[in-house]
Amino acid sequence: MGILEWATSPLGQRVPIHIAWFLIWVALIVGLLFLIVHAIYVRYFAPQAEFASEPSSAIPELPARIPRHSLAARLFHWIMAAAMFVLLITAFLPKVGIPFNWVTYHWIAGTVLTISILFHIVHATLYLEFWSIWPDRSDLEDARKRFYRFMGKPKGLPRKFAKYPLENKLYHGVVMLSGLLVIVTGICMMFRVRTIFFPRNPYLFSDMTWGMMYVLHGLAGVGLITLTIVHVYFAIRPEKLPITASMIVGSMSREFYLKEHDPKRWVIEGLSQQRGTGDGD
Ligand code: HEM
């Protein structure tokens, strides 16, 4: 049983037509296994997180609520999340035996996702701390220390995190690549169906190119099943709830900020104006 389905083109060429749909179940099972193993590890084996301590003189004066996500960033997140769920549901329910007229809902949600991502790229580049989501040298040094601690050979304590821990940065990178892949292939695939944007043109590419396009779209798509399960799992873990809440209300408590974050690595700017507002917009 291969991971692709094949057909013979009118020219007699053997071409891939899409992924084999059992990969949907593989992606689901991998996601569920990850969360079971992680939950057991955290519950029974993980040591208490420890960070290199800062002298108390190095801790700045802070308001009760630390601004974390602007209103624009939160709106983007929830619109993108809604589009992602509609895309997953419309793409995969028909493939697992729940047929319905999915294509129109799917490309509409695809268009919403595409526009929201374009907005996010411009917004993050011009208005947010662009580099805060990319791994830096300190992340790698701390990851090394955490790894040695995990192996029972501690080599010093890691620092507290900047705005985003390394795991979040790596997750963002993988979601970004899979997201861009479904978007680029999805826009091309809109030429195969009737939309409001351009006339249908199934002859735009050769059968082989179309086949590869559907395969890449499907592979990135099933990858997003696993990535979405992992993301939702972390969002609802008890110790992560303050982070999830900050994606709704925009801010987190000073205590949580100081427990996990290094004020030198995630500098809260303009505190005097924000003090008391509880939001970072
Ligand atoms: C979470 C993201 C997405 C997932 C999981 C996903 C998944 C899928 C799957 C499994 C199919 C069926 C392909 C096949 O039959 O081989 C499909 C078709 C399609 N997708 Fe997506 N997709 C996603 C995002 C997008 C985006 C962003 C767009 C547009 C910008 C898009 C446009 C399309 C179109 C037009 C088709 C229909 C092709 C046809 O019936 O010929 N998709 N998608």
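Predicted model: local features only at pLDDT ≥ 70, side-chain atom pairs only at ≥ 80, totals over all residues.
Residues are numbered from 1 along each chain as its sequence is written, and side-chain values use heavy atoms, with hydrogens and water left out. Local features need pLDDT of at least 70, side-chain atom pairs count only at pLDDT 80 or more, and totals for chains, interfaces and linings use all residues.

Helices are DSSP runs (H or I, at least four residues), numbered from the N terminus. Helix H2 spans residues 71–92 and helix H6 spans residues 207–236. Their axes lie 11 Å apart, at an angle of about 130 degrees. Axes are lines fitted to C-alpha atoms over the stretch in contact, and angles run from 0 to 180 degrees between N-to-C directions. H2 is therefore oblique to H6. Oblique covers what remains once angles under 35 degrees (roughly parallel), over 145 (roughly antiparallel) and 65 to 115 (roughly perpendicular) are set aside. The crossing of H2 and H6 is left-handed, that is, the near helix is turned anticlockwise from the far one by less than a right angle.

Contact means heavy atoms within 4.5 Å. On the H2 side, His77, Met84, Phe85, Leu88 and Phe92 take part. They meet residues of H6 including Gly221, Leu224 and His231. By class, this contact of H2 with H6 has eight nonpolar, four polar and no charged residues. Ala, Val, Leu, Ile, Met, Phe, Trp, Tyr, Cys and Pro count as nonpolar; Asp, Glu, Lys and Arg as charged; the others, Gly among them, as polar.

A nonpolar core is a set of buried Ala, Val, Leu, Ile, Met, Phe, Trp, Tyr and Cys residues joined through side-chain atoms within 4.5 Å. Buried means under 20% relative accessible area (1.4 Å probe, protein chains only). The largest core has 16 residues. Ile19, Ile24, Leu88, Phe92, Val222, Leu224 and Ile225 touch the most other members. Helix H1 (22–45), H2 and H6 each supply at least two residues of this core. H6 gives the largest share, seven residues. A second, separate core of eight residues includes Phe76, Leu87, Ala109 and Ile117.

Helix H3 (residues 103–126) and helix H5 (residues 166–189) also pack together. Their axes come within 11 Å and cross at roughly 130 degrees. H3 is therefore oblique to H5. H3 passes H5 in a left-handed crossing. Leu113, Thr114, Ile117 and His120 of H3 touch His172, Ile183 and Ile187 of H5. This contact of H3 with H5 has four nonpolar, three polar and no charged residues.

Terms used: Buried < 20%, exposed > 50% of the residue type's maximum accessible area, 1.4 Å probe, protein only.
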